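Student: I'd like to learn how to read a structure, one feature at a time. Can we look at one together?

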Amino acid sequence: MNGGFRIVSCAGLAFLYAPIAILIFFSFNASPLITVWQGFSLDWYGAALHNPDLHRATMNSIIVAAGAAATSTGIALCAGLALHARGHAGTEALVTLPLLVPEIVMAIASLVFFAWLELDAGLINVLLAHIVFCVPFAYAPIRARLETI
């Protein structure tokens, strides 16, 4: 490996991971101020474990993740089987089109769509948006595997 490439790679990785390491280090700080070290403490982790808002957010994330993964995989499997049997290139392009759109654009478009329908950004709407987002990612490997069968 070239020495210059190694130096640039290490500097880039340090630039990316140093803030995370510093955050982890200071998460054990007894002081409420991140800039002043007052000793080792696990108080902040205890506070996080007893925070009901954090529990609710964690459960919502698990519900959205499990529901989106299962539902989008089922939809992608049905789409893969249907398109494998018929082979419509236009429909396949429509299913995989969201892969080309940046995630932030999909998120804003979903938010605008739900606002246009005058729906709140509740758990069901977040789940629906994640399902729509995940279907192409589940469809691509399913479709590729069906081609090899």
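Predicted model: local features only at pLDDT ≥ 70, side-chain atom pairs only at ≥ 80, totals over all residues.

Student: Is Arg145 buried or exposed?

Tutor: Exposed means over 50% relative accessible area. Arg145 has 56%, so Arg145 is exposed.

Student: Now aromatic rings. How many aromatic pairs does the structure hold?

Tutor: The general idea is that a pair of aromatic rings is described by the distance of the centres and the angle of the planes. This structure holds eight aromatic pairs. Take Phe28 and Phe40: their ring centres are 5.4 Å apart and their planes are at 15°, so this pair is stacked, as planes under 30 degrees apart count that way.

Student: Where do Phe28 and Phe40 sit in the chain?

Tutor: Both are in the loop between α1 (3-26) and α2 (43-49), 12 residues apart, and the pair links distant parts of the chain. Their surroundings are worth a look too. Phe28 is partly exposed at 24% relative accessible area, whereas Phe40 counts as exposed at 61%.

Student: What about Phe133 and Phe137: which kind of aromatic pair do they form?

Tutor: Phe133 and Phe137 form a tilted pair, with 5.2 Å from centre to centre and 45° between the planes. Both lie in helix α6 (residues 123-148), four residues apart, which is about one turn of the helix. Phe133 is partly exposed, with a relative accessible area of 21%, and Phe137 counts as partly exposed too, at 43%.

Student: Which residues do ring pairs link into a cluster?

Tutor: Look for Phe25, Phe26 and Trp37: ring pairs link them into a cluster.

Student: Next, charges. How many salt bridges are there?

Tutor: In general, side chains of opposite charge can pair when their charged atoms come close. Here the count comes to two salt bridges. One joins Arg56 and Asp53, whose closest N and O atoms are 2.6 Å apart. These two residues are three residues apart in helix α3 (residues 52-86), so about one helical turn separates them. Asp53 is partly exposed, with 47% relative accessible area.

Student: And which salt bridge does Glu147 take part in?

Tutor: The side chain of Glu147 meets that of Arg143, at 3.2 Å from N to O. Being four residues apart in helix α6, they too are separated by about one helical turn. Glu147 is partly exposed at 48%, but Arg143 counts as buried at 10% relative accessibility.

Student: Can we look at a serine? Where is Ser41, and what does its side chain make a polar contact with?

Tutor: Ser41 is in the loop between α1 and α2, and its side chain makes a polar contact with the side chain of Asp43, at 3.0 Å. Buried means under 20% relative accessible area, so at 7% Ser41 counts as buried. Leaving aside neighbours within four places in sequence, Ser41 is in contact with Ser27, Phe28, Asn29 and Ala30.

Student: What does Ser72 touch?

Tutor: Ser72 is in helix α3 and is buried, with a relative accessible area of 2%. Not counting residues up to four places away in sequence, Ser72 touches Ile131, Cys134, Val135 and Ala138. A polar atom of its side chain also lies 3.4 Å from the backbone oxygen of Ala69.

Technical notes: Residues numbered from 1 in each chain as written. Heavy atoms only, no water. Phe/Tyr/Trp six-rings, centres within 6.5 Å; stacked < 30°, edge-to-face > 60°. Buried < 20%, exposed > 50% of the residue type's maximum accessible area, 1.4 Å probe, protein only. Polar contact = N/O pair within 3.5 Å; in protein donor to acceptor, adjacent residues only side chain to side chain. Contact = heavy atoms within 4.5 Å. Salt bridge = Lys/Arg side-chain N within 4 Å of Asp/Glu carboxyl O.
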